[in-house]
Structures are given as structure tokens and as C-alpha cells.
Amino acid sequence: MNYLSVESVSKSFGSKLLFDKISFGLNQGQRMALIAKNGAGKSTLLKIITTNEIPDEGSVTFRKDITVTYLNQNPEFDESNTVIEAIYNTNNPALNAVRNYEEALTAFEVDYNDNTSTQLELATAEMDKLEAWGVEAKIQEILQRLKIAFLDKQISMLSGGQKKRVALAKVLINEPDLLILDEPTNHLDVEMIEWLENYLVSRDLTLLLVTHDRYFLDSVCTEIVEIDNGKLHHYRGNFQYFVEKKAEREMMENSEIDKAKNLYRRELEWVRKMPKARGTKAKYRVDSFYETKDKAFSKQTEEKLELGVKMSRIGGKILEFIKIKKAFGETKIVNNFSYIFKKGEKIGIIGKNGVGKSTFLNMIMGLEMPDGGTIQSGETIVFGYYSQEGLKLNEDKRVIEVVKDIAEFIPLADGSKLSASGLLTKFLFPPDVQYGFVSKLSGGERRRLYLMTILIKNPNFLILDEPTNDLDIVTLSVLEDFLTNFQGCVLIVTHDRYFMDKMVDHLFVFEGEGVVRDFPGNYTEYRDKKEIEDKTQRKIDTENPKPNTVAENKIEPIKETKTGEPSAPKRKLSFKEKFEFEQLEKDIVALEAEKTKVTNLLNAGSDNHEDVIKWSDRIGAILKELDNKSLQWLELSEGI
């Protein structure tokens, strides 16, 4: 069943042709990825498909009886709405029923009367009719997985990353027939990305998406369409298949172009030497000559990004952490962390959002001071810090001025020097862009310029915080090659698992509570090891179940005894044990009350991430204490 048809669509901006008469279709159940270099027209094509842009020619047609939802790379909301209002702002009947039920339930709890009771009954009946109870559970799962606990917060108060997660939650909750996603993994941590992969694959969704995350693309998509030099190429397979077949296609095209050039030279000689032969009878051959000429000169010289700046000399001492401590309130970032960096090692840093990865990098750069311990760097160390926030620039400044403010001439790895303009050209900034304003640069171009301003300072210790954001797959490949041959040290924080796997020798795993684990391997190896550890722990928990709380054990199972066999006499409690038993009952009641209070705080959410972490930790401690006291209570209750 066809859901989407794109027929002979073309689009240009001035003299720049993005794509020319491209066509493709999307059927029910297909999961298709759109790939292209930065500036080749991916986002423009999505805008045309979603009617936010008008093509120069061609048409886009959707099946009439389907629902389509689009996740924009930069989502827009009514800034006056709260998060919960934004999520429920939909025409989905089941979602409207859930919203009405929750509003009626809240009104009933606040003010019990005949009117609120009737509203609740009607809302409950509507939930039953639409079978919407499962929808409510799905909403809670999505909000929890995307860590959206700020439901009452106004949209205008959210960061860009929070808005993107709210927008993603909204489109997933709506569960349309066709889902169009533009960079859905941006602003998600690795745990969220892996959950999103499983969520999309496990449901019968039809997808069209743009992403630079190669593992995500490989796991989710079964087909790929690529925009290259204005043309569309279709590959029926995942990312690995695409890489292989793209190479084969380019080899075949180059071979055909070489053959056309040889034929063109022979035909050109005929055209020049035999002007009288160009009559009516030879017209077909003249037409063929011009077709051959077009084919022979169809190959475009593709400029490639070159990263080859010089690295400063690196001495024996590099960087040393000596019993570093850092905390924010009760939240520990690192506790007695020590490590001596070695020349040439590449380390990845992983952990959930909020555990302190960026704080750790800032301590290295002196932007944050540790609470205890010492950080010592060698005299020859030159840091290059690529931060997640990006380059702060004057929008009215010209691109070439940004580089000249750092240096007029830049030393290269081969010992030569290059002018600022020449280096910009190597970084794929042509002259017209160099003398244009920073405000005109795309997100990918800004990131590329930022990377350039770091590398021309000749660092020998690179610190990269989310370096893959907004970079296309081609640029990422060049960056990977550069880092592979980089002789200095590299510290990387990234949610791009492919990039992490390819680059790092080992990992610093931030496990929370100040614990930093040094794992000898890449991310995939760590995940495999952790999965084995988790399975082992689950097996232990199954074989040795923890006792339930008193509240869950109001009815004790009857213990069977053999017929005719007298039961053992009960041991009577001592005075001290009776006092302990009574105290345990009081403690358990108090812990249950505290558990309810903290659970309500977590459900309500907070703008302060540290509060959420503190409450989560407290819930774990309460449950552990309840288990221990309940076990003691059960043992003593045998003597009552």
C-alpha cells in the first residue's frame, strides 16, 4: 500500500541546483533514510514533502486516509503552553480521552461533588469505549524514557534540547501511520537512543528519516535514498549495504565516463574533419556526439575536506589526576579519581545525562575547580577544546575574519604554511562563503568552522564534547581518519556510538555517586559486557528473591506439616525483642510514608535536575531499608 509518492521534484536556489526531477515512493511498513552531504538539500526535500516549501516543479502525494506527523529538527511550539498542554494538543481521540480523564480525576480529587463525580464517570466510560487505558501507560513510558518530568513547565522556559525531546514525545505518543523525522537522536543520550531504536523497530510504523547516527540508521532503516549531485540513488538495504553499493556505483559511473571521454575524442575528430558530412543523413551522429559530450563531462570534481594542520610537540608528562573530588551538593561527580594519561591514547567518556561528563572536561580546562585533589598537565601540552555549546561568534563578522583573528598563516603537518583563505578552502569554504557573513552559515558549516579554529592552534590534546552534532556522514568520516592518525591524546564525549567505537581505546564510565570505571574496550564491547553482568544479576535476584514489604504480605501462606507430626513449639520473644518488634513496626510505617512522599515528588518532577537525582537515590535507599526491616519484622513475628 503506497503512502507517499514524490514525482519529478526539482528545486534550486539561485544558480545552485539541489535536486533535479527526483522521484521515489514509500509504502506501508517501509523504514527509509534520506542521506546527503550538508547543503545538498535533505532538509529542503523534507520541507517540500511536508508542504513547508514549494518545489520548482514536480508533485508530492500522500494517501488520503492516513495520518502523517513531522518532527522538525528545530521544533516550534506555542511558547505560552505548558509541556503537558503541548503534548495533548492533538486531534487523536484516544489522547483526548486520556486528557479528559486525567482532568476529571484531578477535579474529583480536589473537589468531590455530584458534578465532578459525573464528569469522572463520563470520562471513564469514554476511556473504556476507546480502549484508551493502554494509551495512558504508553504515554507514561515515553515520558519516562525521554526523561520528561517537567510537565507543568512553560515551553518558553525550556532549552533547545528539552524542546526537541518534548516534540519527539509528542510524535511518538500520536503514533501516526507515517512518521517523518529530521535528526531524531539530537539531544538524546545513548540510553534514550537505544530505547528509541527498539521502540521504532518493534512497532508497525512507516518511517522517513534524516540522521547522521550510523548505528541508529543501520538498526532502524531497511532502505536508503541518497541525494548526490542533484540526483537520487536508491539502495534497498541498511547503512553497511549502502556503503558497499555506493562505492560500486561510483566505480561504474567513473568507468562509463572514461569510456565516454575516449568516444568523445574520436567523435570530436570526425566533427572537425568532415564538416560536409553534417547533412541530414549525419544528423543522428551529430546528436549522438553532443550526448557523448554531456556524458564525458558529467563527472564533477568533488572537493574533500582536508584536516592536516601541525600538532605541537608533546613531552613525557601529559596530564595527571591525583585523587580528584567533585560534587554539587549531595550529587557526587568524581570521588578520589586518579589517572595518568599516556601519549596517543584515545578515551571515550560515557554515562547518563547529569552525571558530570561535561563538568569533568571543564575541570581539565580549568573552567571548574575540583573540591579536592590535584590536576597536573605537562608544560608542552596544548589543549584543543571542542565544547558542546559551539563557537560564540559575532554574526556580522565575515568568515575569513574569524580565522585571521587567530592567525594570518597556519603551519601544516608537512612543514609548509598556508594562508587563512587557503586553509578555509581546504575546509570546504569557497571564496564566496569566506567573504560572506557568519550569520549566513548553516549549522554544519558553523561546526566545521569551529573545528577549524581549534585545529589551527596546533593542539596535542583534543577534548571533544559532542563533536558529531550537525556534521554530515562524509565530514564525520574525514574527522575519524584525522583522529585515527592523530599522535596526541583525545578525550571524547559523544552519543554517536559508531564514532565512539571507531575512535576509542578504552572508556571512562561515569556510573554515578562519584564512581568512574575504567573499561578496557570500546562502547559495543562495554555494552556486551554490561548485558552479561545484568543477566547474571537478574539470575541471582530470581534465585534469591528479596522479601516483600509488610504491606504486600498481609496474608501469610499457610505452612504445611506432615500428618501426625507435631509442629515445633513457638519460641517466645524476650522483652528486648518485643521492644525491637514494636519499633520496627513504627519504622516501617514511617518509611512507607516517606516512600509515598518521595514518589509523589518524582511524579510531579522538578526544574532542578539535582533534586530529581537526589529523590531517585533516596527511593532506592528507602526500598533497601524497607526490605531489611521487613525481613527482621517477619522473623520476630514468628514469636508473637
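User: Is Asp496 buried or exposed?
Analyst: Happy to start there! This is a predicted model, where local features need pLDDT of at least 70, side-chain atom pairs count only at pLDDT 80 or more, and totals for chains, interfaces and linings use all residues. Residues are numbered from 1 along each chain as its sequence is written, and side-chain values use heavy atoms, with hydrogens and water left out. Buried means under 20% relative accessible area, exposed over 50%, and partly exposed in between (1.4 Å probe, protein chains only); Asp496 has 0% relative accessibility, so Asp496 counts as buried.

User: Which residue meets Asp496 in a salt bridge?
Analyst: A salt bridge is a side-chain nitrogen of Lys or Arg within 4 Å of a carboxyl oxygen of Asp or Glu. Here the N to O distance is 3.7 Å, and the partner of Asp496 is Arg214.

User: How far apart in sequence are the parts that Arg214 and Asp496 tie together?
Analyst: Helices (H or I, at least four residues) and strands (E, at least two) are DSSP runs, numbered from the N terminus. Arg214 lies in helix 8 (residues 214-220), while Asp496 sits in the loop between strand 18 (489-493) and helix 17 (497-503), so the parts they tie together are apart by 282 residues.

User: What is the relative accessibility of Asp405, the salt-bridge partner of Lys397?
Analyst: The closest N and O atoms of Lys397 and Asp405 are 2.4 Å apart. Lys397 counts as partly exposed at 28%. Asp405 counts as exposed, with a relative accessibility of 52%.
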